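The sequence and the coordinates are shown first.

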Protein chains: 2
Amino acid sequence: MLAFQAVSVRPPRVRCMTVPAAISLVTLGVRDVRASTRFYQSLGFELSPGSVEGDVSFFRTAGGRLGLYGQDDLAADAQAQPRTADGFRGVTLSINVDSPAAVDAALAAAGAAGAAIPKPALATEWGGYSGYFADADGHLWEVAHNPFWPLGADGLPQLP
Amino acid sequence: MLAFQAVSVRPPRVRCMTVPAAISLVTLGVRDVRASTRFYQSLGFELSPGSVEGDVSFFRTAGGRLGLYGQDDLAADAQAQPRTADGFRGVTLSINVDSPAAVDAALAAAGAAGAAIPKPALATEWGGYSGYFADADGHLWEVAHNPFWPLGADGLPQLP
């Protein structure tokens, strides 16, 4: 009986259909690939030689790769309707750093590179410290220190 | 003279202001955090116990972490105007896999989980194979095989 139970509580060995959990690349649609490329380079991001000047740019990051592509080209690639309005896009990207001072330093660097700072850094209700900068197309980047998410050897936050 | 030249061509040792190149977290604004969380779980993404049910969800991925948060809450967090229109958001996320067959399998899994497939997989002009699925809020995920970007041990594409 115990043996039977031990077998019966095992989940069936079905090969489930899954989608690999990865964010390999985030591509931002931009009005001017050259100008946006210069902006991200001026932040200190390293441009990959695999980029095609003025057409598409790729940057290595501690997470997935960052791509810059013409926003109409990107919409066409996804067979999506072109953008029709400004306002929030429903997507934010975050750069997690290891101290509040590093948040301040990164936002200052972004501002010095010409980014807008729609939300200066402040202590958050969840116990961290963060602010936002925006690139020329309004893509929002949070720079955050989260004391509950220590950064691992890969530079990425370690979730509980 | 040679010694002088060897010194003079060195770039000055200035500590430049930089922003760490990282995509630590991508947060998607969604209408229904619970429903969207179930959707990403049904793709096979692993929900972090650090999530707060119905409020915010976090998933580990091979790249930065994926967050799901109410779209109005996310707009407020970024001090951005709420979304006013549908249409393309100017942002796509990509999941890179190691073969065309893996693209087909992932898109089939996404479709089986209820995702829309705005662009079925096809051979691309850049020599790869890719298609797109969309979640309930229209966030676009490309699933791609890029033979020129082999996947590294970290599961992420290795750029040239």
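What does the accessible surface of chain A come to, and what percentage belongs to carbon and sulfur atoms?

## Basis and surface

This is a predicted model, in which local features need pLDDT of at least 70 and side-chain atom pairs count only at pLDDT 80 or more, while totals for chains, interfaces and linings use all residues. Residues are numbered from 1 along each chain as its sequence is written, chains are lettered from A and ligands numbered from 1 in the order in which they are written, and side-chain values use heavy atoms, with hydrogens and water left out.

The accessible surface of chain A is about 7,800 Å², and 56% of it belongs to carbon and sulfur atoms (Shrake-Rupley method, 1.4 Å probe). Of its 160 residues, 46% count as buried (under 20% relative accessible area).

## Fold of chain A

Chain A holds 4 helices and 7 strands (DSSP runs of H or I, at least four residues, and of E, at least two). From the N terminus, the order is α-β-α-β-β-α-β-α-β-β-β.

## A hairpin

Strand 2 (residues 56-59) and strand 3 (residues 65-70) of chain A run antiparallel, joined by 4 bridges; pairing requires at least two DSSP bridges. They form a hairpin with 5 residues between them. In strand 2, A:V56 and A:F58 point one way and A:S57 and A:F59 the other, and all are buried. A:F58 stands opposite A:G67 of strand 3.

## Two copies

Technical notes: Buried < 20%, exposed > 50% of the residue type's maximum accessible area, 1.4 Å probe, protein only.
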